[in-house]
Amino acid sequence: MDTFVTIGQAFDIGEGEMMQVEVTGTKVAIANVAGTFYAFGDTCTHLDCSLSEGDLEETTVTCACHGSMFDVTSGAVLQGPAKKPEPSYRVEVCDGTLRIEV
Amino acid sequence: MPQTFVIVGAGLTGGSAAVALREEGFEGDLVLIGVEPEVPYERPPLSKEYLRGEAPFEDLLVRPPTFYPDQGIETRLGIRATKVDLEGKVVELEDGNCLPYDKVLIATGGRNRRSPIPGLDLEGVYDLRTVSDADRIRWEVAPGRKAVIVGMGFIGSEVTASLRMLGVEVSVIARSKLPLDRVLGEEIARVMESIHRDQGVKMVFEDAVEAFEGSGRVERVRTQGGRVMACDFVVVGLGIEPSTEVVAGSAVRIENGIIVDEYCQTSVAGIYAAGDVANHYHPVFDRRIRVEHWQHAIKHGQAAARSMLSSHKPYDEVYWFWSDQYHSTLQYAGFAPDWDELIVRGSLQQRTFVAFYLKGGRILASVGMNRGKDVRQSMGPIKAGVQVDLARLRDEAVQVSDLAES
């Protein structure tokens, strides 16, 4: 389904930073990794903490609560305690506007 | 000749080592022996999500049960290994079978400490280590029932929180002055105490159990200080002692667990130990430490696997763990048996803080509540082991990860 939703301006998220947005009831985290944007589920699959409040290092996000690590490019679990991956969403930047596919 | 590696102990460490051995390309025979009937699982939820009925047992498994046969890992579960015979190079099982080995990893963990308290065997008195222990406690839980928790370490604190969350009336008795004060120090322990108090937990400190009493089943706890606490059930959490029997009396050196170097190697070649049972040398803290936490269990098991495959990489992970109690997450990184200064960022009163334990100007450990990011970032400066500028340490504007730089 090619439903892209506009979520904001790219310049709102600095390099190495993350932001939480809500798209049709789903909490999504957007990460800016050296100018490339990635979108993934913001709710940690372990115990529901917000991943955008965690730490972003290159393409790895670390949950602030229990240290689960996910690959922001795919949503894959890199280190537990989480065992289930995060959903991953396509992102496009059009004229400085961030849109994600849901 | 393919080699045979035997892992004694199928907890998180043994399971993680088995996974790592296959991931690192070990193609020999691999046997995993466990006294519990289950494939390796993680214990932290047993005092929290699992105890509260929020997570099914399957969520706790290190790998699904099919993983082991798929990976050619032979599991011997529900059976105790009685001895590692160093001369015969076999692991003896309680059913009389012997498993030959080329290398052995001992990951037997620990068992709950049981002090000789009268009435400890009464029905309704529990301790918590295994999933069946947790199941037994779950059966007792109902709103309005009365529980007494003995000991306020991590197990006692977390079980207290979980039972309160389920509506159980909880009273606590502990020898310590405050919850977790030995690990966290008085200032932080006071925060923990206030959290339990806010939740309506009745706490008695600096007292101990004289006897559990009741006719057939526990009905009350009598304390050395002369108190009588009525209850429907009891959970005892007095810590663990390392399970070293498989090498007792052998050339494998035992002292507060099995002594290993930074490569998980015991005093006998070919015999390794990791996890709760291993009193290991840690290069960052330059001493031997025995640690009983989740992340260490995994990483130490992986380190042992690497060493068994002859890689020469020391285990120098900075310890890190969490403890969820009610809706607060406490995190701790490093290791500080004692310290000369505690520096706090944030507010203890508002329960949002990170605190640093220092000795001689060096950060040995940090603890945080609801500031997990700062605790994780402190692992760099802790590992670096350098003196930090105290003014910068106090300054919220300085990122914790940058503290090692001046």
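## A guided tour of chains A and B

Begin by selecting Ala107(B), which counts as buried at 7% relative accessibility (buried means under 20% relative accessible area, exposed over 50% and partly exposed in between, with a 1.4 Å probe and protein chains only). The model in the viewer is predicted, so local features need pLDDT of at least 70 and side-chain atom pairs count only at pLDDT 80 or more, while totals for chains, interfaces and linings use all residues. Residues are numbered from 1 along each chain as its sequence is written, chains are lettered from A and ligands numbered from 1 in the order in which they are written, and side-chain values use heavy atoms, with hydrogens and water left out.

**Stop 1: around Ala107(B)**

Keep Ala107(B) selected and colour the strands on either side. The residue sits in the loop between strand E7 (103-106) and strand E8 (110-112) of chain B; helices (H or I, at least four residues) and strands (E, at least two) are DSSP runs, numbered from the N terminus. Which residues does Ala107(B) touch, not counting residues up to four places away in sequence? They are Val8(B), Gly9(B), Thr13(B), Gly14(B), Ala274(B) and Val277(B), where a contact means heavy atoms within 4.5 Å.

**Stop 2: the whole of chain B**

Buried residues account for 57% of the 406 residues in chain B. Of the contacts between residues at least 6 apart in sequence, 59% join residues at least 24 apart. Switch to a surface view: chain B exposes about 16,800 Å², of which carbon and sulfur atoms supply 46%. Accessible areas come from the Shrake-Rupley method with a 1.4 Å probe, and for residues only the protein chains shown count as cover.

**Stop 3: two loop residues of chain B**

Select Cys264(B), in the loop between strand E18 (258-260) and strand E19 (271-273) of chain B. Its phi is near 65°, a positive value in a residue other than glycine. Is Cys264(B) buried or exposed? Cys264(B) is buried, with a relative accessible area of 1%.

Then move to Arg351(B), in the loop between strand E24 (341-347) and strand E25 (352-359) of chain B. Arg351(B) is not a glycine, yet it has a positive phi of about 65°.

**Stop 4: the whole of chain A**

Select chain A next. How many helices and strands does chain A contain? There are 0 helices and 11 strands. A compact globule of 102 residues would have a radius of gyration near 13 Å, and the 12 Å of chain A agrees with this. The C-alpha trace spans about 40 × 25 × 15 Å along its principal axes. Of the 102 residues, 50% count as buried, and the chain exposes about 4,900 Å².

**Stop 5: the cysteines of chain A**

Show the side chains of Cys49(A) and Cys65(A). These residues form a disulfide, with sulfur atoms 2.1 Å apart; a disulfide is a pair of cysteine sulfur atoms within 2.5 Å. The link is left-handed, with -95° about the S-S bond. Cys49(A) lies in the loop between strand E4 (36-41) and strand E5 (55-57), and Cys65(A) in the loop between strand E6 (60-62) and strand E7 (69-71), so the pair ties together parts that are 16 residues apart in sequence. Cys49(A) is buried at 16% relative accessibility, and Cys65(A) is buried with a relative accessible area of 16%. Over all chains, the structure holds 1 disulfide.

Cys44(A) is buried at 2% relative accessibility, whereas Cys94(A) is partly exposed at 38%.

**Stop 6: a cis peptide bond**

Finish at Pro81(A), in the loop between strand E8 (77-79) and strand E9 (88-89) of chain A. The peptide bond from Gly80(A) to Pro81(A) is cis, with omega near 15°.

Key. Rg over C-alpha atoms; globule rule 2.2 N^0.38 Å.
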